[in-house]
Amino acid sequence: MIQLTQVCHQFHIGGKGKGRSIPVLHDIDLRVERGEILSIVGRSGSGKSTLLNLISGYIRPTSGGITVAGKTVTGLSEGEWADFRLAHYGFIFQSFQLIPGMTAYENVELPMVLKGISPKLRRRRVTSLLKEVGLDAYSDHYPGELSGGQQQRVSVARALVLEPPIVLADEPSGSLDSENEGQLLTMIQHLNRELGTTFVIITHDEQVAAIGHRTIRLQDGRLV
Ligand SMILES: Nc1ncnc2c1ncn2[C@@H]1O[C@H](COP(=O)(O)OP(=O)(O)OP(=O)(O)O)[C@@H](O)[C@H]1O
């Protein structure tokens with residue numbers, strides 16, 4: 001589903017003349033299978049978020065190749081990446097990244113609006129998803145009127161609304177207490193089993209890593 005071949009990444013910092021390169025990822029070879037839950041662990045600064053940002057096209061590898069769902073994505077333009085992300089990825093973040101001025105319903109609906117899906121289809125899908133994540137009674141609440149666990153469930157519904165084949169999650173339970181974390185992990189496992197969604201999850205948390213079919217560790221920018 002996702003394949004990285006000899007991927008290296010360096011950031012460039014500093015101005016002209018004084019600039020320098022910081023190598024962050026070295027020779028990453030990684031294959032994520034369709035329907036797999038892959039956990040990525042590693043110490044702070046080991047390159048986990050950089051790896052996820054490369055897979056999602058927010059940054060470009062310095063060298064190496066990336067293919068996703070059979071397509072070579074290295075070399076896509078910004079516009080092509082935007083379309084590719086909408087078609088293939090859902091995202092879950094530690095900080096939820098909900099839009100504060102939109103209700104739970106509108107946040108979940110947004111990717112469908114961006115994709116130009118009809119209001120009737122949108123209503124059916126958003127209503128059923130909010131029910132699935134146990135928030136049908138909260139659809140008109142704004143993020144600020146929801147608990148952390150509820151906000152994360154809204155963001156899971158948003159990640160899944162276009163039924164993406166892949167969900168990328170960066171510390172998805174980082175802001176949740178253990179009860180809400182447990183609910184989130186159960187939900188991820190259920191979606192993986194029912195829909196065959198592939199999950200790539202970055203985490204510090206052993207309980208989260210344990211739901212992975214496989215766990216890989218990054219150390220100083222290398223897979224170990
Ligand atoms: N835009 C950037 N410019 C320069 N250096 C960066 C940039 N983004 C990340 N880095 C550096 O790359 C290294 C890896 O960062 P990254 O965010 O991938 O680590 P991480 O494993 O996700 O850490 P954490 O668990 O703390 O989130 C760090 O040393 C960081 O300082």
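Which elements of the chain have the lowest and the highest mean pLDDT? In this predicted model, helix α6 (residues 178-195) has the lowest, at 88, and strand β4 (residues 63-68) has the highest, at 97. The chain as a whole averages a pLDDT of 93.

**Confidence**

- Of the residues, 100% score a pLDDT of at least 70.
- The scores for the model are ipTM 0.96 and pTM 0.90.

**Surroundings of the ligand**

- The shell around the ligand includes Phe-11, Ile-13, Ile-22 and Val-24.
- Gly-42, Ser-44, Gly-45, Ser-46 and Gly-47 also surround the ligand, together with Lys-48, Ser-49 and Thr-50.
- Two or more residues of this shell come from each of β1 (2-13), β2 (20-32) and α1 (48-55).
- Helix α1 gives the most to the shell, with 3 residues.
- By class, the shell residues divide into 4 nonpolar, 7 polar and 1 charged.

**The open sheet**

- An open sheet is formed by 6 strands, in the order β6-β7-β8-β3-β9-β10, and the pairing is mixed.
- The edges of the sheet are β6 (89-93) and β10 (222-223), each of which pairs on one side only.
- Helix α5 (residues 148-160) packs on the sheet, where it touches β6 and β7 (166-170).
- The direction of helix α5 makes about 165° with that of β6.
- Strands β3 (residues 37-42) and β9 (residues 214-219) run parallel and are joined by 5 bridges.
- Opposite Ile-40 stands Ile-216, a residue of β9.
- In general, the strands of a sheet pair through backbone hydrogen bonds, either parallel or antiparallel.

**Leu-4**

- Leu-4 counts as buried because it has 23 C-beta neighbours inside 10 Å, and the cut-off for a buried residue is 20 or more.
- Apart from neighbours within four places in sequence, Leu-4 is in contact with Ile-28, Asp-29 and Leu-30, and also with Gly-64 and Ile-66.
- Ala-210 lies 206 residues from Leu-4 along the chain, and the C-alpha atoms of the two are separated by 23 Å.

Terms used
Residues are numbered from 1 along each chain as its sequence is written. This is a predicted model: local features need pLDDT of at least 70, side-chain atom pairs count only at pLDDT 80 or more; totals for chains, interfaces and linings use all residues. A residue is near a molecule or strand if its C-beta atom, placed from the backbone, lies within 6 Å of it. Helices (H or I, at least four residues) and strands (E, at least two) are DSSP runs, numbered from the N terminus. Ala, Val, Leu, Ile, Met, Phe, Trp, Tyr, Cys and Pro count as nonpolar, Asp, Glu, Lys and Arg as charged, and the others, Gly among them, as polar. pLDDT is the predictor's confidence in each residue, from 0 to 100. A residue is buried if 20 or more other C-beta atoms lie within 10 Å of its own, exposed if 12 or fewer, and partly exposed in between; C-beta atoms are placed from the backbone. Two residues are in contact if their C-beta atoms, placed from the backbone, lie within 7 Å. Two strands pair if DSSP finds at least two bridges between them. Axes are lines fitted to C-alpha atoms, for helices over the stretch in contact, and angles run from 0 to 180 degrees between N-to-C directions.
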